[in-house]
Amino acid sequence: MNTPRDPIDLRLETGLQDLWYAVCPSDFVKERPVALQRFGWKLALWRDADGQVHALEDRCPHRGAPLSQGVTMGDRLSCPYHGVEVRCDGVVTRVPGSPGCKLEGQKATRSFHVREAAGAVFVYNASTPVDAPPPLALPEELTQDENYSSFLCYTEWKCDYRYALDNVMDPMHGTFLHKQSHSMAEGDSTAKFAVRPTDTGFVFEKEGQRNVNFDWTEFADTGIHWMRLEIPYPKTGGPGGNFIIVGMVTPISPQLSAVFFWRVRKLATGWQRDTWRFLYRNRLEARHWHVLEQDRVVLEQMPADANQHENLYQHDLGIVRLRRHLRGLAQQQIDREAATAA
């Protein structure tokens, strides 16, 4: 007998609704349409002649053929199967095989609001279609180009996206898994942690240790979920403040995640910024990818039900807090849907 799945877990598995998500680096999307699976939807993304990115559900309303296999016509896609043209707002503008049929003029395909920032494409996952989405509120490291210099690292991990979130909300793993890293070899291997609330989320941090290792992680909910941490850098890391990482994870499928890490330094324009960017590309980037690979290998080898057989302790308070927050949001969405249906 099959046991019914927890509805909260089912909702979280494909990602919460009414949130912005990073879906891909900007250079993934050209004029020719590209298909992406994200947060329970198959999307077709393309650029129009002005470079604006658009996103539709990758399904023609006529027979369900993939619009991503079609032809770009400015702000429209022409389905490869029968030439049906769908505008970026989901409205069918032309049915070549049957001009004037009732499909023309209908908003028959799901459309998605899109923004570009910090070298990435962001899509709003609305529970119901909205004319105007909420603002895309990103941390200052990704919006203040005059103060920060960053590189986007994008990868895909074969694991539940929630394991990737847990990994970032676990500063202590840096002391052990990454102990050979040039930036995480310092600090005490024992620590006590505390949770500190913020206006947009919370910080999970080591007590009595700051600017030594991977000492804290911040989770923020600003209409998009993002995480932030800092790692002190030795002088060999070049000019600038601490090495800042801003992370986001987007579900592709229950066992595949789109992982975004922006590597950031606080630097004014000029020679310091140029020096940091040169050092990153030529000396530091490979080391950072090595650290990410250590995380990837561990997470991909964890069984899908690993979180059902845990024995958590004090170092895991941040993970517990994050999971509780996400489950609470999922329950609120389920309750709203039930109230609407009633």
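Before anything else, I need a term: strands here are DSSP runs of E with at least two residues, and helices are runs of H or I with at least four, both numbered from the N terminus. I also remind myself that this is a predicted model.

**Entry 1**

I looked up the cavities first. A cavity is a spot where a 1.4 Å probe fits but cannot get out. How many cavities of 30 Å³ or more are there? The count comes to two.

I picked the second largest cavity, which holds about 140 Å³ of space. It has 14 lining residues, and Y21, Y161, L165, H225 and V249 are the closest to its centre. Of the elements, β1 gives the most, with four residues.

Then I sorted the lining of the second largest cavity by class. I found 11 nonpolar residues, three polar ones and no charged ones.

**Entry 2: a sheet**

I looked up an open sheet of four strands, and their order is β2-β3-β4-β9. Is the pairing parallel or antiparallel? It is antiparallel.

The edge strands are β2 (34-38) and β9 (111-112), and each of these pairs on one side only. I then checked how β9 is attached. Two bridges join it to β4 (residues 53-57), with the two strands running antiparallel. For L56, the bridge partner in β9 is S111.

**Entry 3: two helices crossing**

Now for helix α1 (residues 7-14) and helix α5 (residues 317-341). Their axes come within 9 Å and cross at roughly 105 degrees. Angles of 65 to 115 degrees count as roughly perpendicular, so α1 and α5 are roughly perpendicular to each other.

I wrote down who touches whom. On the α1 side I have P7, I8, D9, R11 and L12. On the α5 side I have L326, R327, A330, Q331, Q333, I334 and E337. By class, this contact has six nonpolar, two polar and four charged residues.

**Entry 4: the largest pocket**

Pockets are open, unlike the cavities in my first entry. The largest pocket has about 500 Å³ of space. Of its 22 lining residues, the closest to the centre are D9, R162, N307, Q308 and R327.

α1, α2 and α5 each supply at least two residues of the lining. Which of the elements has the largest share? That is α5, with six residues. By class, I noted eight nonpolar, three polar and 11 charged residues in the lining of the largest pocket.

**Entry 5: the second largest pocket**

Last stop. The second largest pocket has about 420 Å³ of space. It is lined by 19 residues, and D170, H173, M302, D316 and I319 lie nearest its centre. The elements giving two or more residues to this lining are α2, α3 (172-177), α4 (271-301) and α5. Here the largest share comes from α3, with four residues. By class, the lining has 10 nonpolar, four polar and five charged residues.

Methods:
Residues numbered from 1 in each chain as written. Predicted model: local features only at pLDDT ≥ 70, side-chain atom pairs only at ≥ 80, totals over all residues. Heavy atoms only, no water. 1 Å grid on protein atoms, 1.4 Å probe; cavity = no way out; pocket = protein on both sides within 12 Å on 5 of 7 lines; lining within 4 Å. Points joined across faces, edges and corners; volume = space filled by probe spheres on them. Nonpolar A, V, L, I, M, F, W, Y, C, P; charged D, E, K, R; others polar. Pairing = 2+ DSSP bridges. Axes fitted to C-alpha atoms, helices over the stretch in contact; angles between N-to-C directions. Parallel < 35°, antiparallel > 145°, perpendicular 65-115°, else oblique. Contact = heavy atoms within 4.5 Å.
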